[in-house]
Amino acid sequence: MAPPRILLCGDVLGRLNQLFKRVSSVNKSAGPFDALLCVGQFFPDSSDLLEEFTDYIEGRSDIPLPTYFTGDYGAGALKVLSAATRDLANLGFKMEGLSVVYLSGRHSTSSQQFGTYSQDDVDALRALAEEPGIVDLFLTYPCCLRNNLCLECSLTGHTNEWPSGVTNGAVTSDLPLGVFDSYGSSSTVSELVAEIKPRYHVAATKGVFYAREPYTNVEAVHITRFLGLAPVGNKDKQKFLHAISPTPASIMAASEIGMKTTNTTLFPFSSVEKATHTTDGAPKRSSDTASDSQYWRYDTSQKRQKHGDSDGNKLCFKYLSSGSCERGEKCHFQHNEGARDQYLSGVCFDFLIKGKCERGPDCSFKHGAEEEGNSLPSRRPRSGNANSERSRDCWFCLSSPSLESHLITSIGEHYYCALAKGPLVEDHVLVIPIEHIPTTLVSPPECEMELIRFQNSLKMYFKNQGKEAVFFEWVFKRGSHANLQAIPILPSRVSAIQDIFNLAAQKLGFKFMVIKNDDSSEGRKMLQMKFDRKCSLFYVELPGGTILYHLVDENEKFPTQFGREVLAGLLNKADRADWRNCKLSKEEEEKTVGNFKNRFKEYNPNP
């Protein structure tokens, strides 16, 4: 069963015409999607947009997708939600396998029905964190606009407010203006996210788009991705729509669950103090039977130990990070001064706990006493982060205003396929990561597996057309969004591919390095090990598994269209070496995409 395809949206503020126009466009070109989930304020700020809003609620305007929202406040909210409570009876939505939790509105001690949450709601979510399984998505009060589905799912995590401290440890050059403002942030949300540990946490409120680097969780092997979405129709044209297709954690293998991206950071909320009262004024309940998970330890092998059980060989994360633990002698985990001294001197937390660190040389902290340094953590320089180069004008970011979404032919969880703009030949395909990264070679293992599936599907499709597949990628050190190009070649030309690339390289004054492997996926792994992210790179994957690659020096002049130009010469299509000479009208592109989808249908890994 294919994972559900979901569109996420920020504060709607009643602008349904603008929202659904964009959703219809994306759904037509990249869909079909299963649902639209809106976070933040869904209802209008004032009564000015109520007529437009009511047209959809009362069925006079069409809703393109089953639509759910979490912000149960604003003009008209009381009337609409009262009716929804009577008529829809919490039907919710069904995406079997995904796990969804939610928190809506602002904290309140009153009995107001809409727009608030109580301490009971917070405690219920804390209790949920003790249940087995992994939460996929964290939402706030999803109310259904179309009543054809029911709530039996497991998604990630959505709240209207950002968690306080979410930017701790993030790459500062990627932070949009306004994220440091205290407005729209909540320490209660921080604590809940730390305990629930969703795979995705999505929020609105701040008015900006921000995709934080994934971060590790305490007492869990999986990572969390935080996504802040801008409001619909914002004046700065920040991204308000984002697509995901998460495989439910309940059906993922343990090895897949524990995979980490190369830009994963440390847990950002270690400095959040769980005081007697939150900054929202919500008193916290205490009990001798309170969850030990609130006093985190790092133990990925099992759930927490109940009272009376011993777990003295595990370090207390609360004590390690802050120097104190509210449970004192009642804590089941070690309060080790020596370990804390090492932690403060910059020793990696994973290394302290497990004796090893999965991040290896990419880790920012020391891996042992031999790396003596200052008393404060000595951070190593990080490798370049793709998120810092994200632009709202990116051609390939899904839902970007510059995206020509009608060219998209298939979309997965981590990658999507699109026909090339100005194709060299028919069936010229781009395989593009959904995440804004500079090269496919830095994809984490679970993303790489999906890329290989796309490649294998294209190879089988081309084989059925009597052709072979050639893949190439130009990786510019200061580039933006990666794309791996696939070109079909007649078998009669295959034997000449390596020779013509070598000849072109000789004319430019360099010689290709060669990786020979019958398995192209193994060849890519070898290339990833040789790739130095400090320089640019060109590589081409030939039929049969051979890879030619060239590391481009800083001052070397290398043509960005090199791969296309060489293949244009091989195919006797020199006039098509420049894509700008091959552009089609939008109507011709849409017809071409439709024909390709029909032919590729039986090979599509994401039907």
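Tutor: Start with one residue pair in this predicted model: leucine 537 lies opposite leucine 551, which belongs to E24.

Student: In what sense do strand E23 and strand E24 pair, and over how many bridges?

Tutor: In general, strands of a sheet pair through backbone hydrogen bonds, in either a parallel or an antiparallel way. Here E23 (residues 536-541) and E24 (residues 547-552) are antiparallel, with six bridges.

Student: What is the strand order of the open sheet?

Tutor: The order of its eight strands is E17-E18-E19-E21-E20-E23-E24-E22, and the pairing is antiparallel. At the edges are E17 (408-411) and E22 (513-515), each of which pairs on one side only. On average, neighbouring strands are turned by 20° against each other, direction ignored.

Student: Which helix packs on this sheet?

Tutor: Helix H14 (residues 586-600) does, touching E17, E18 (415-419) and E19 (429-433). The direction of H14 makes about 40° with that of E17.

Student: How is E17 joined to E18?

Tutor: Through a hairpin of three residues. The two strands run antiparallel and share three bridges; isoleucine 408 has alanine 418 in E18 as its bridge partner.

Student: And the second largest pocket: what is its volume?

Tutor: About 890 Å³. Among its 32 lining residues, Trp395, Phe396, Asn483, Gln485 and Gln561 are the closest to the centre. E18, E19 and strand E20 (468-475) each give two or more residues to the lining, and E20 has the largest share, with four.

Student: How do the lining residues divide into nonpolar, polar and charged?

Tutor: The lining has 19 nonpolar, nine polar and four charged residues.

Key:
Residues numbered from 1 in each chain as written. Predicted model: local features only at pLDDT ≥ 70, side-chain atom pairs only at ≥ 80, totals over all residues. Heavy atoms only, no water. Pairing = 2+ DSSP bridges. Axes fitted to C-alpha atoms, helices over the stretch in contact; angles between N-to-C directions. Contact = heavy atoms within 4.5 Å. 1 Å grid on protein atoms, 1.4 Å probe; cavity = no way out; pocket = protein on both sides within 12 Å on 5 of 7 lines; lining within 4 Å. Points joined across faces, edges and corners; volume = space filled by probe spheres on them. Nonpolar A, V, L, I, M, F, W, Y, C, P; charged D, E, K, R; others polar.
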